[in-house]
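Dear colleague,

I am passing a structure on to you with this message, and below it you will find what came out of going through it. Please have it open while you read.

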Amino acid sequence: MKKLFSTHWKSSKQPRKQRKYLARAPLHIKHKFLGAHLSKELRQRYKIKTLPVRKEDEVIIKRGQFKGRRGKVERVNLRKTRIYVNGVQITKIDGNKVYYPIHPSNVIITGLDMKDKERAKVIERKTK
């Protein structure tokens with residue numbers, strides 16, 4: 001039986017193989033694709049450059065039509081590798097407002113939600 005996803009794949013110049021790797025990755029690996037840069041203040045405090053985005057984190061959008069907007073992360077879609085930020089909505093033709101999906105690489109984390117003790121352990125582990 002042929003496997004859908006191989007952990008031994010290292011890299012390729014071919015975009016089709018890169019897209020295939022991203023699309024077929026299991027969720028525990030897709031979690032790593034949610035990484036976003038920390039702001040300068042958080043970088044100095046925690047001595048790390050990136051962390052995966054979580055719900056309730058405060059972010060500022062740096063790319064796209066909503067560039068410069070700030071807000072809290074309302075939802076994280078791990079399957080599509082997208083986040084949804086409070087206040088970043090588009091109006092559909094029928095008048096409904098829906099959250100606009102944003103890739104985590106296009107945001108900077110300005111405030112961390114430290115309610116979860118596991119996140120503190122992750123930060124401590126990354127600083128060593």
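**Strand 7 and the sheet around it**

I108 is a residue of strand 7, which covers residues 107–111. Please keep in mind throughout that this is a predicted model. With a relative accessible area of 23%, I108 counts as partly exposed, because the buried class is kept for values under 20%. Leaving aside residues up to four places away in sequence, I108 touches H37, L38, S39, E58, V59, I60 and K62. As for K62, its C-alpha atom is 7.1 Å from that of I108, although the two residues are 46 apart along the chain.

The sheet to which this strand belongs is open and has seven strands, placed in the order 2-1-7-3-4-5-6 with mixed pairing. Its edges are formed by strand 2 (50–52) and strand 6 (97–102), each of which pairs on one side only, and from one strand to the next the twist averages 55 degrees.

Turning to the individual pairs, strand 1 (residues 35–38) runs antiparallel to strand 2 and is joined to it by three bridges, with P52 of strand 2 as the bridge partner of G35. Strand 3 (residues 58–61) and strand 4 (residues 70–77) are also antiparallel and joined by three bridges, and here E58 has K72 in strand 4 as its bridge partner.

Strand 4 is joined in turn to strand 5 (residues 82–91) by four bridges, again antiparallel, and N77 has R82 in strand 5 as its bridge partner. These two strands form a hairpin with four residues between them, in which T81 takes a positive phi near 55 degrees.

How values were computed. Residues numbered from 1 in each chain as written. Predicted model: local features only at pLDDT ≥ 70, side-chain atom pairs only at ≥ 80, totals over all residues. Heavy atoms only, no water. Pairing = 2+ DSSP bridges. Axes fitted to C-alpha atoms, helices over the stretch in contact; angles between N-to-C directions. Buried < 20%, exposed > 50% of the residue type's maximum accessible area, 1.4 Å probe, protein only. Contact = heavy atoms within 4.5 Å.
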